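Have a look at the chain below and keep it open while you read. The notes that follow go through its charged pairs, its nonpolar parts and its overall layout.

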Amino acid sequence: MDVNVKIVKSSAEKELVLSIRKEVFIRGMNIPEYLEIDENEDMATYVLAYTRSKPVGTARWRKTKEGIKLERFAVLDLSLIHISEPTRRTPISYAVFCLK
């Protein structure tokens, strides 16, 4: 399976990013929208991953005082395995997706 990744440049692409994140995190993992859609939305750079010209994944990065922070990795595909590991004291965790 070929996967193409591109940096998000348009508002239409940003809507695709939010759609994927809502499906994966808000509907799929029950994370409250107020935690998932945060104050860093406009400061981050986003990528979209496509397979067969269909958007299937996203992630973002942003600059912080400590360096570049990678976050909000989300993949739409039931053939992927989700592994979650707590990274802070809030009820948010990061997700790692691995192809079967």
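A salt bridge is a side-chain nitrogen of Lys or Arg within 4 Å of a carboxyl oxygen of Asp or Glu. R72 and E36 have side chains that meet in one, at 3.3 Å from N to O. Keep in mind that this is a predicted model: local features need pLDDT of at least 70, side-chain atom pairs count only at pLDDT 80 or more, and totals for chains, interfaces and linings use all residues. Residues are numbered from 1 along each chain as its sequence is written, and side-chain values use heavy atoms, with hydrogens and water left out.

**Overall layout**

- The chain has two helices and six strands; these are DSSP runs numbered from the N terminus, with helices being H or I of at least four residues and strands being E of at least two.
- Out of 100 residues, 36% count as buried, where buried means under 20% relative accessible area, exposed means over 50%, and partly exposed is in between (1.4 Å probe, protein chains only).
- Take the contacts (heavy atoms within 4.5 Å) with a separation of 6 or more: residues 24 or more positions apart account for 42% of them.
- The accessible surface comes to about 7000 Å², and 55% of that belongs to carbon and sulfur atoms; such areas come from the Shrake-Rupley method with a 1.4 Å probe, and for residues only the protein chains shown count as cover.

**Charged pairs**

- Side chains of opposite charge can pair when their charged atoms come close.
- How many salt bridges does the structure hold? There are 11 of them.
- One joins the side chains of R21 and E41, at 2.8 Å from N to O. R21 sits in helix α1 (residues 11-27) and E41 in the loop between α2 (33-36) and β2 (45-51), so this pair ties together parts that are 20 residues apart in sequence. Both R21 and E41 are buried.
- R72 and E36 are both buried.
- R72 has another partner, D38, and their side chains meet in a salt bridge at 2.8 Å from N to O. D38 is in the loop between α2 and β2 while R72 is in strand β4, so the pair ties together parts 34 residues apart in sequence.
- Salt bridges with shared partners link R21, E36, D38, E41, R60, R62, K69, E71 and R72 into one network.

**Nonpolar parts**

- In soluble globular proteins, nonpolar side chains tend to be buried together.
- A nonpolar core is a set of buried Ala, Val, Leu, Ile, Met, Phe, Trp, Tyr and Cys residues joined through side-chain atoms within 4.5 Å. The largest one here has 11 residues, including V8, V17, F25 and Y46.
- Two or more residues of this core come from each of α1 and β2, and α1 gives the most, with four.
- Leaving out residues up to four places away in sequence, V8 touches E13, K14, V17, Y46, V47 and L48.

- Is T51 buried or exposed? T51, in strand β2, is buried, with a relative accessible area of 11%.
- The T51 side chain reaches the backbone oxygen of D2 at 3.0 Å.

Key
Polar contact = N/O pair within 3.5 Å; in protein donor to acceptor, adjacent residues only side chain to side chain.
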